[in-house]
Amino acid sequence: MAGSVAVAQSQLGTVEVVYCDAEGIGAEEGVMRRDPSDIIKVDDLYYVWYSKGKISPGYDATVWYATSPDGHSWTEKGMALGKGEPGTWEGASVFTPNILVAEGRYWLFYTGTSRKFTRPFNPDSKIGIAVSDSPDGPWERLDSNPALTNSDDPEDFDSHLVDDACLIVRDGKYWFYYKGRQLGKGPGQTKLGLAIADKPEGPYVRYEGNPVIPGNHEVLVWPQGEGVAALIGTTGPKEWVRSIVYAEDGIHFTKTHNVKNVPHAAGAYRPEAFTDSNNGTQIRWGVHIGSRKGFLPFVERFDFKSAGE
């Protein structure tokens, strides 16, 4: 098994999560917003990207974005990326975006599927990249897309699908964490992998020891000191869920914190994510998928605080 969580509970820290509205991109009748990206700050504005559509699972979505001066009140700016051509790997939906800032440009990672959504659904997702000189676009898809596809080996953890990119810069390289699912497995058996590239456009080469985390249905990592931390949600082996884990080498993770009221499919403000500074600290706030009776999924703000704060 990748990593270790053999830490006495008494030695673990505890993080409590509180929630409030993300005004402007919150609950709205008949509108689905979900899968928010990590958040970047450009000049005086925060930016976030997310899936927007009309069905709860997001398999009809396009990628939209919003800006905010304070991380609380957001202005939806419009569509950043539409669906691909019909019949292509991204022709049915584009969703689960994330952002990389590198070489003075903006690199939008996103997931695509080719099949129209029906129930039951067996997604065939792959991950692509679009690039722009501005966080407001326009975005140009890379000719080399998709950047990451499901493995050809049915025994691999990601032989059915790949999804949910999360990028950091580490040791002068681009570390691309993602989730994968093996052929024949269900969503609850999703695991997290890693691919690394010398350039933001790739090629991204899988880490030979994948998966690096044996669970979790979403991906949120950030640089912390000389290592990498990750937030683990509600899916996976019981000793891993609802926690923060840490790996000095970015690969072999150990549990450091329990998390009360853990966010769902979160994106965070990670100011050191692309600096390669070794000065990253624990995330403090971000956005996630909120839920409320009578509404489709929406974007909601979360804040971390230490127990007793």
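# Close-ups of charges and rings

**View 1. A salt-bridge network.** Glu 28, Arg 33, Lys 52 and Glu 76 are tied together in a network of salt bridges. This is a predicted model, and the views below come from it too. Lys 52 also turns up next to a ring: Lys 52 lies over the face of Trp 64, 3.9 Å from the ring centre. So that you have the overall tally at hand, the salt bridges come to 13, where one is counted when a side-chain nitrogen of Lys or Arg is within 4 Å of a carboxyl oxygen of Asp or Glu.

View 2. Arg 105 counts as partly exposed, at 29% relative accessibility. Asp 133 counts as exposed because its relative accessibility is 57%. Look for Trp 107 as well: the charged end of Arg 105 sits over the ring of Trp 107, 5.9 Å from its centre.

**View 3. Lys 173 meets Asp 198.** This salt bridge has its N and O at 2.4 Å. Again, distant parts of the chain are linked, with Lys 173 in strand β12 and Asp 198 in the loop between β13 (191-197) and β14 (205-206), 25 residues apart. Lys 173 comes out as partly exposed, since its relative accessibility is 34%. For Asp 198 the value is 55%, so Asp 198 counts as exposed.

View 4. Asp 163 pairs with Lys 179, and the closest N and O atoms are 3.7 Å apart. That still makes a salt bridge because the cut-off is 4 Å. Asp 163 is buried, with a relative accessible area of 8%. Lys 179 is buried too, with a relative accessible area of 8%. Both get that label because buried means under 20% relative accessible area.

View 5. Now for the rings, which give 16 aromatic pairs. One of them joins Tyr 46 and Trp 285, with 5.2 Å centre to centre and 90° between the planes. The pair is edge-to-face because planes over 60 degrees apart go in that class. Tyr 46 comes from strand β4 (residues 45-53) and Trp 285 from strand β20 (residues 285-290), so the pair links distant parts of the chain, 239 residues apart. Tyr 46 counts as buried, at 11% relative accessibility. Trp 285 is buried as well, with a relative accessible area of 10%.

**View 6. Phe 302 and Phe 304, a tilted pair.** These two rings are 5.4 Å apart, centre to centre, with 45° between their planes. Phe 302 is buried, with a relative accessible area of 0%. Phe 304 is also buried, at 4% relative accessible area.

**View 7. An aromatic cluster.** Which residues do ring pairs link into a cluster? They are Phe 109, Phe 157, Phe 176, Tyr 178 and Tyr 204.

Technical notes
Residues are numbered from 1 along each chain as its sequence is written. This is a predicted model: local features need pLDDT of at least 70, side-chain atom pairs count only at pLDDT 80 or more; totals for chains, interfaces and linings use all residues. Side-chain values use heavy atoms; hydrogens and water are left out. Rings of Phe, Tyr and Trp (its six-membered ring) pair if their centres lie within 6.5 Å; planes under 30 degrees apart count as stacked, over 60 as edge-to-face and the rest as tilted. Helices (H or I, at least four residues) and strands (E, at least two) are DSSP runs, numbered from the N terminus. Buried means under 20% relative accessible area, exposed over 50%, partly exposed in between (1.4 Å probe, protein chains only). A charge sits over a ring if NZ of Lys or CZ of Arg is within 6 Å of the ring centre and within 35 degrees of the ring normal.
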